[in-house]
Amino acid sequence: MDERRTAILAEFREFLESAISKAKVNFATAERLSGRLHGEIGAHGSPLQTISKSTLHDHVRGGRRQKLPSWEWVANLWAFLVAAAVENKVDPARLGTLEEWQAVYEAAEAKLRRLGRHTADTEPASLPASLVEPRMTWWGAYADVVPAWFGWFLNLEPLAGDIRCYEELYVPGLLQTEEYAEAVVRLRHGLAPEAEIRRRVELRMLRQRLMPHGGRRVWAIINEMALWNPLVDRAAMKRQLRHLLDASVRMPVQIVPAGAPACRSVSGPITVLRFSHEGLPDVVYLEQADSALYPGDPEARELYIKQFNSLAIAAYRPKESQDIIGRLIDEM
């Protein structure tokens, strides 16, 4: 990894570790206490989520997660540490405000962006250039909201016969309702003009309309935490779950327990595009906060495909997953 990128990530991790120390918790007590507080409304106005000690360790000490955690995860950590500080009779003001945390997070993001993203793994080099050339824009009308690293993916997605995706925070984009898609887009681009928000949602819906053509199939594995996303309106989440349940009748949808060991070895979303064209290798797409990776080395691609397969083994079977989604709908 680039030494400058390593330094930026290390600086952010030091910030997190300092806050954890100020709240007088460690990784093990954070998991226990956050489990006890799970579901209570935190200082950020949303229900608190359990914090896995392994995930916390990876985000703070480095581990396998060589990127910034999602802002949603960071905001939940801040709210939990505020609650933990109160329990431990520590002035929560020592931790700083959520706005101050967001400023630190956005500064780290900006530094990473300035490093540039055009490395050997930021485009699908394992495929013929004619298939991934950004000027092949069926999505051209939305080019103003499509960065190059995503444009390559948009060119490839309609060509894939089989799309396998794992998501840990959200329902996969190809299975989102328009209402839920808008909520997710606003979480990431909430300060953007209304017209831009609308165009991002329209593009996602257009991708869905292309899916029935050519017999394409989606196989979705979804971390159970994504089904309880506290940052999405409860009514919108319920309608999204109904849509997901309907989709599961036509395609494989599996829910994987958040605590499954297979989840701990995965540091973010994984999408595998498999082509029916003979001779074309699978493409692995790893979307990050503001960039994406396309592992070009065959061994690296195989590693992520194995991770997906491990998640599939750890997940509930499709019928069991349907039952889980149905119960969640009834409880909302």
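## Notes on selected residues and helix packing

1. R274 lies in strand β4 (residues 270-274); strands here are DSSP runs of E with at least two residues, helices are runs of H or I with at least four, and both are numbered from the N terminus. The model is predicted, with local features requiring pLDDT of at least 70 and side-chain atom pairs pLDDT 80 or more, while totals for chains, interfaces and linings use all residues. Residues are numbered from 1 along each chain as its sequence is written, and side-chain values use heavy atoms, leaving out hydrogens and water.

2. R274 is partly exposed, at a relative accessible area of 29%. The term covers values between buried (under 20%) and exposed (over 50%), with a 1.4 Å probe and protein chains only. Beyond four places in sequence, R274 touches A160, G161, D162, R164, D282 and I305, where contact means heavy atoms within 4.5 Å. With D282, the side chain of R274 forms a polar contact of 2.7 Å. A polar contact is a pair of N or O atoms within 3.5 Å; within protein, one atom must be able to donate a hydrogen and the other to accept it, and residues adjacent in sequence count only if both atoms are side-chain atoms. The C-alpha atoms of R274 and E157 are 9.4 Å apart, with the two residues separated by 117 residues in sequence.

3. Another arginine, R207, sits in helix α9 (residues 194-210). R207 is buried, its relative accessible area being 10%. Leaving aside residues up to four places away in sequence, R207 touches W138, F150, F153, L154, E157 and L174.

4. Helix α7 (residues 148-156) has eight of its nine residues buried, so it is largely enclosed by the rest of the structure. Those buried residues are W149, F150, G151, W152, F153, L154, N155 and L156. Among them, F150, F153 and L154 are also listed as touching R207.

5. Q240 is found in helix α10 and counts as buried, at 0% relative accessibility. What does the side chain of Q240 reach at 2.9 Å? It is the backbone oxygen of L175. A polar atom of the Q240 side chain also lies 2.7 Å from the backbone nitrogen of T177.

6. A226 is placed in the loop between β2 (217-223) and α10 (234-247). At 0% relative accessibility, A226 is buried. E168, L169, Y170, V171, Y180 and M237 touch A226, again without residues up to four places away in sequence. A226 and L9 are 217 residues apart in sequence and 25 Å apart in space, C-alpha to C-alpha.

7. Two packed helices are described by the angle between their axes and the distance between the axes. Helix α2 (residues 27-37) packs on helix α3 (residues 53-61) at about 135 degrees, with the axes 8 Å apart. The axes are lines fitted to C-alpha atoms, for helices over the stretch in contact, and the angles run from 0 to 180 degrees between N-to-C directions. The two helices are therefore oblique to each other, given that angles under 35 degrees count as roughly parallel, over 145 as roughly antiparallel, 65 to 115 as roughly perpendicular and the rest as oblique. The contact is made by F27, A28, A30 and E31 of α2 and K53, L56, H57, V60 and R61 of α3. By class, these are five nonpolar, one polar and three charged residues; Ala, Val, Leu, Ile, Met, Phe, Trp, Tyr, Cys and Pro count as nonpolar, Asp, Glu, Lys and Arg as charged, and the others, Gly among them, as polar.

8. The axes of α2 and helix α4 (residues 71-87) cross at roughly 95 degrees and come within 11 Å. The pair α2 and α4 is therefore roughly perpendicular. From α2 the contact uses A30, L33, S34, R36 and L37, and from α4 it uses F80, A83, A84 and E87. This contact has six nonpolar, one polar and two charged residues. A30 takes part in the contact with α4 and in that with α3.

9. Two loop lysines deserve a check of the backbone. K24 is not a glycine but has a positive phi of about 60 degrees. K24 is in the loop between α1 (3-22) and α2, and is exposed at 58% relative accessible area. K89, also not a glycine, has a positive phi of about 60 degrees. K89 lies in the loop between α4 and α5 (98-114) and is exposed, with a relative accessible area of 78%.
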